[in-house]
Amino acid sequence: MNKNKILAACVLSGALLTVPTAQAESYMKGFSNKVSQGLANIAFGFAELPKNVINISDDQNIFVGMTWGVIRGTAQGVTRTLIGGAELLTSPIPTSDYASPAYVWDRFSEDSRYFGLHYPGYWTTYGPLDDGDDD
Amino acid sequence: MNKKYFYLPLAALALSLTACTNSKMDTSDLKAEIDASRAGHYGQAMLHEEMSEEDLEVANNILGHLEQDHYWNINEKQKALDAAKSATQHRYASEKEMCLWLTEVHGPNHHYAEAIRETVAYFKTASAVPFKVKDESIGRVGRWLEAHPDATATVTASTDTVGKPAYNQDLSQRRANTVTQRLIAKGARPNQLVVKAIGEAAGPNNTPDQSHRVAIVITAHPDYQDCANLK
C-alpha cells in the first residue's frame, strides 16, 4: 500500500470518528434499513405478483385478476427486485426509500410505487388481506 | 359387491356422524346480559361514547394515511369524513343520553312547587298609585325571577265596582303596570312577566268602594330540564 492510500484511509477514518455520535447512529440506521430493504426486495419482489392478482381480483373480478393482475404483478415484481438490487448497491448512500411500501408485505392494499411513480391500472379498494388498520 | 356390504357401513357412518353433531348453544341469556349492560340512559351514553371513539379512531387512522401519503390508490378521505361526522353524532347522542340520565337522577330533587304567591300592592278606589306597597315581597320576587331566567310571574290586578267596567279594566291594567315596573326595577325581565288585568274583581270581592283592591304576583317555574340547549 502506498503512502497516498494510507493517508486517504487516515483522513476518511478521522472524518468518520469526528462525526457526532447521534449522526453516526442515524447514518447506521439508514444504512441497515437500506440493506434490509434491498435484501428483502430482491428475495421477495416476486410477491408483487400474488399481491396484484389478489387485490385486482377483489377490486374487479377473478378474470381481470388472472390476466391484468398477472401482467401488472410481473412488471411490479421485476421492478421491485431491481429496486432491491439498487437499494443494496447504494446502501452506504443515505437516501429516502426507493419503494413505497418499503417491503412488499407492508400495507398490502397499497399499490407499490417506485421513486413516487406508479403503474397504470391500479386497484382502488382495500384488498381482502388488509383493511388499512394494520400499519 | 353385495349391496349390504356397502349400505350397512354407510348407514353406520351416517349414524355416527349424527351422534357427533352438537346442538347450537342457547345464547339468549348472554344476549340479555349484554343488552342489560347498556340499558337505560347511562348505558346508552356509554354505548354512544364507545361508538364515537371507534369512529374517531377510524378517522384518525385515515388522517395518518393521508398525511404520510399511504394507501394513495384508495380514496379514503370520504370514509374518514363520514367517520368523523358519525363520531360527532354519537358524541351528541351520548351527551343527550347523559343529560337524560341527569334529569332522571336529579329530577326528583327539583322544587316543582316553589311558586311564590304574594299580595304586593294595595290601591284606593280609582287610583293606580298604591297607598301600600310590600317592597320586601316585590324585591324577593324580583330577585327570584332574576336568578331563574326560565321562570315566569303573573301579575294580576283588579278593581272594585265603582265606575264603569271599561274604566275599571283600564284601571286594573295601570295598576298591574305599576307593579310590573317595580318588579323590573328589582331584577325581573319584562319577558318573564305576564300581566292579567281582570278589571272588576269577581266573587265576594265584587263590591263597591273597597280600599283593599290589590295586585297579586304568582310565580311559576317550568318543568325541570337538564341541558335544554342540547343539539
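Begin by selecting residues 48-59 of chain A, which form helix 3, together with residues 62-89 of chain A, which form helix 4. In this predicted model, the axes of these two helices come within 7 Å and cross at roughly 150°. Because an angle over 145 degrees counts as roughly antiparallel, helix 3 of chain A is roughly antiparallel to helix 4 of chain A. Viewed along the line from one helix to the other, the crossing of helix 3 and helix 4 of chain A is right-handed. Colouring the residues of this contact by type shows nine nonpolar, eight polar and four charged.

Next, turn to chain B and select residues 40-68, which are helix 3, and residues 77-106, which are helix 4. The axes of helix 3 and helix 4 of chain B lie 7 Å apart, and the packing angle is about 160°. Helix 3 of chain B and helix 4 of chain B are therefore roughly antiparallel to each other. What is the handedness of the crossing of helix 3 and helix 4 in chain B? The crossing is left-handed in chain B, while that of helix 3 and helix 4 in chain A is right-handed. The contact between helix 3 and helix 4 of chain B includes 17 nonpolar residues, alongside seven polar and seven charged ones.

Finally, display both chains and select the residues where chain A and chain B meet. Chain A contributes 12 residues to the contact, and chain B contributes nine. On the side of chain B that touches chain A, the residues comprise three nonpolar, five polar and one charged.

Technical notes:
Residues numbered from 1 in each chain as written. Chains lettered and ligands numbered in written order. Predicted model: local features only at pLDDT ≥ 70, side-chain atom pairs only at ≥ 80, totals over all residues. Axes fitted to C-alpha atoms, helices over the stretch in contact; angles between N-to-C directions. Helix = DSSP H or I, 4+ residues; strand = E, 2+ residues; numbered from the N terminus. Parallel < 35°, antiparallel > 145°, perpendicular 65-115°, else oblique. Left-handed = near helix turned anticlockwise from the far one by under 90°. Nonpolar A, V, L, I, M, F, W, Y, C, P; charged D, E, K, R; others polar. Contact = placed C-beta atoms within 7 Å.
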